[in-house]
Amino acid sequence: MILRAGNVVVRYPGAAAPALDGVDLEVHPARLEALVGPNGSGKTTLIRALLGLLRPARGQLTLDGKPVAAWRPAELARVVGVVTQREELVFAWRVDEFVMFGRYARLGPLAPPTREDRAAVERALDRCDVLDLRERRVDTLSGGEWQRVRIARALAQEPRILVLDEPSAALDVGHEMEVFELVRHLVDQGLAGLVVTHHLNLAARFADHLTLLRRGQVAAVGTPEAVLRPELLTAVFQWPISVTRLPDGAPQVVPDRKR
Amino acid sequence: MTLGRGSFLSELVERAGGRNIFDDLAVPSAVISIEAVVQRDPDLVLVADAGEPGIAGRPEWRVVRAVRRRRFVHAAGSEFSRPSPRMPEAVRQLARAFGAVPR
Amino acid sequence: MRPTAVLALSVAVVLALALGLLLGTVSFGPLDALRALRDPAATGGAILWQIRLPRVLLAFLVGGGLGVSGACLQALVRNPLAEPYLLGISGGAGLGAVVGIALGWEVATAVPLAAFAGALLAMGLVYRLAAVAGHRMDPRVLLLAGVVVSAFAGALVSAILTLSPAARLRNAFLWLLGGFSSASWALVGIYALYAAAPLGLLWGASRWLDLLSLGDETAQSLGAQVARTRRLVYLTTSLLTAACVAVSGMIGFVGLVAPHALRGLIGPLHRRLLPAVFLGSGAFLVVADACARTVVRPIELPVGVVTALVGVPLFASLLRRTLT
């Protein structure tokens, strides 16, 4: 099952330039795709379009060959697990209740949860290493725990594709690594992964394939080595950038000091 | 809603030989419960508007004996709501009406 | 659901209903009440069967309706401080009622209908306003539109009251402050029949309410049809609130306090919360009404006064508990 964007153009009402101007992207099973680029380059817009939250002015957005707009929200939710950039916490849910939300697309409004559903929630909690938090209230969790619980909820949907929009924003170094290691592990087990991140270095170490956006257009696609080139990055981010290499071969971005 | 001791109409009633079942209320007017009326069991009900009172048809009001037997006396008109030269006439009217009500 | 919570709630409901039945201008002891109930023709039995029982039941059902509306609206607009009256419905109902009273209509039959019509008008206006602003059912726009419509209706009500004779003015105030003095079996029947569908629908939407409270994008990504659910919940809570206000005037705090208290007791999951809120806020209003007609008997206080006097300190202590 492939999530595909083909030559997508999106215009926000009243904006001078299109937010996305002919962008292609593909998300494949057992592959982690990273979407990177400066602020305002169109990353979140592309995600919204891929999930059917936005209608494009032009282009095709398909999931498993069928246009995304033709999928009903519950159908989509059974296949694509999303961890959005932000969500609101108005009420104090318990972690296990909260992760059970991931099963709602399969349950519909009235059917009570089955053993199957409870097992799926267990498995999701376990894979994200938050089983011991199940009785806690979500408003008492730390940033990292909260993020892992949200990923668990996405996993409870039993999706084929996992989409994460800035999953490590506001997390400390340890929690950042935790989240990306988890996602990598899930992708290695067969999930298709798409991560939007401003963390070039994390993308470089964990992703198989990068798409670099700049002002709504694709500036580069390919492996981390192919995309993270100093001249290109300097031009795209408007800042002098060098690239070094880690012992395992992953490129690492090092912005220069101006003085 | 009913009228208490201090009100003008209540005074007229007293002068006409009747007794306000709510004359223990010091306020000129107040909202009272239907139960209170049932408990105090008036002989008749003084209605401030002309025409059939709305409460006559309502089952919860028919628990009151005077409503069941339709013992209504009408006191419409401005001579019943405030002091005027027609006060004695108002009292006579009420007294006649009270006398006409069967026991 | 925690068994102790269920037990506590059931006991509270039974106690409340009993209290409502026993207290009043004419007070009964429990045994006297049972004896009186068995003889509906006698004075005591008549009071219980014809006057008090319909009143207690109506208070329970209206309280339940207001509580459930409040809880659903809080999820819909993602704000635990939302009340059923925020969406302008009460303003419209008040206007309808005051117009009816000013025209001299019958307080027990025509005025509630006028109030209901006013509520529907206000609902339509708020919906239209929210749509014109370009954001279909955006919670913030809905709230603003509700405030605007309420203010407008309030201004009209003030104007009418200023021009009304004293007796009508008094009646209008009494209606606005809320009460169950015109309760009857007919009214109980009408309201119960009417409210069953909205209550059922709202409970059926429990799972979507859970999701909607997380934000539109998250809700949709978890399978909710956001726009459609929003519209449904908005319309249904409005219709339910309109009926409550038409039947018993504007009784505040019931839709605010009960959901808060019960969320702390039962948890926020709407599937469990909504039935609990129905019972809890129903019981609350029954007790408030019992106080309203007993505290200064034979005079009846407006129920809205009691719910505010009790509701405000209750709400303050709830707030303190959640904020610390």
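# A walk through chains A, B and C

Start on chain A: select β1(A) and β2(A), two strands that run antiparallel and are joined by six bridges. Helices and strands here are DSSP runs, numbered from the N terminus (helices are H or I with at least four residues, strands are E with at least two). Two strands count as paired if DSSP finds at least two bridges between them.

Before going on, some housekeeping. This is a predicted model, where local features need pLDDT of at least 70 and side-chain atom pairs count only at pLDDT 80 or more, while totals for chains, interfaces and linings use all residues. Residues are numbered from 1 along each chain as its sequence is written, and chains are lettered from A and ligands numbered from 1 in the order in which they are written.

## Stop 1: the sheet in chain A

Zoom in on A:Val10, and you'll find A:Leu20 of β2(A) standing opposite.

Next, show the whole sheet. It is open, has four strands in the order β2-β1-β4-β5 (chain A), and its pairing is antiparallel. Which strands are at the edges? They are β2 (20–27) and β5 (66–67) of chain A, each of which pairs on one side only.

Then bring in helix α1 (residues 43–50) of chain A, which packs on this sheet and touches β1, β2 and β4 of chain A. Its direction makes about 120° with that of β1(A). Contact, here and below, means that the C-beta atoms of two residues, placed from the backbone, lie within 7 Å. Angles run from 0 to 180 degrees between N-to-C directions, and axes are lines fitted to C-alpha atoms, for helices over the stretch in contact.

## Stop 2: two helices in chain A

Stay in chain A and select helix α5 (residues 115–127) and helix α6 (residues 143–156), which pack at an angle of about 140° with their axes 8 Å apart. α5(A) and α6(A) are therefore oblique to each other. The cut-offs: under 35 degrees is roughly parallel, over 145 roughly antiparallel, 65 to 115 roughly perpendicular, and the rest oblique.

To see the contact, show A:Ala120, A:Val121, A:Ala124, A:Leu125 and A:Arg127 on α5(A), with A:Ala152, A:Leu155 and A:Ala156 on α6(A). These residues divide into seven nonpolar, no polar and one charged. Nonpolar covers Ala, Val, Leu, Ile, Met, Phe, Trp, Tyr, Cys and Pro; charged covers Asp, Glu, Lys and Arg; the others, Gly among them, are polar.

## Stop 3: two loop residues

Go to the loop between α5 and α6 of chain A and pick A:Asp129. This residue has a positive phi of about 60° although it is not a glycine. Is A:Asp129 buried, partly exposed or exposed? A:Asp129 is partly exposed, with 13 other C-beta atoms within 10 Å. (Buried takes 20 or more other C-beta atoms within 10 Å of the residue's own, exposed 12 or fewer, and partly exposed lies in between, with C-beta atoms placed from the backbone.)

Now jump to A:Gln238, in the loop between α10 (230–237) and β11 (241–245) of chain A. A:Gln238 has a positive phi of about 55° and is not a glycine either. A:Gln238 is exposed, with 9 other C-beta atoms within 10 Å.

## Stop 4: a helix pair in chain C

Switch to chain C and select helix α5 (residues 110–132) and helix α11 (residues 226–248), packed at an angle of about 150° with their axes 8 Å apart. α5(C) and α11(C) are therefore roughly antiparallel to each other. Among the residues making the contact are C:Phe116 and C:Met123 of α5(C) and C:Ser238 and C:Val247 of α11(C). The residues of this contact divide into eleven nonpolar, one polar and no charged.

## Stop 5: where the chains meet

Finally, show all the chains. Of the two pairs of chains in contact, chains A and C share the most contacts. Chain A and chain B do not touch, and their nearest C-alpha atoms are 41 Å apart.

Select the meeting of chains C and B: 20 residues of chain C are in contact with 14 residues of chain B. On chain C's side, the largest share, six residues, comes from helix α3 (residues 43–76) of chain C. That side divides into ten nonpolar, six polar and four charged residues.
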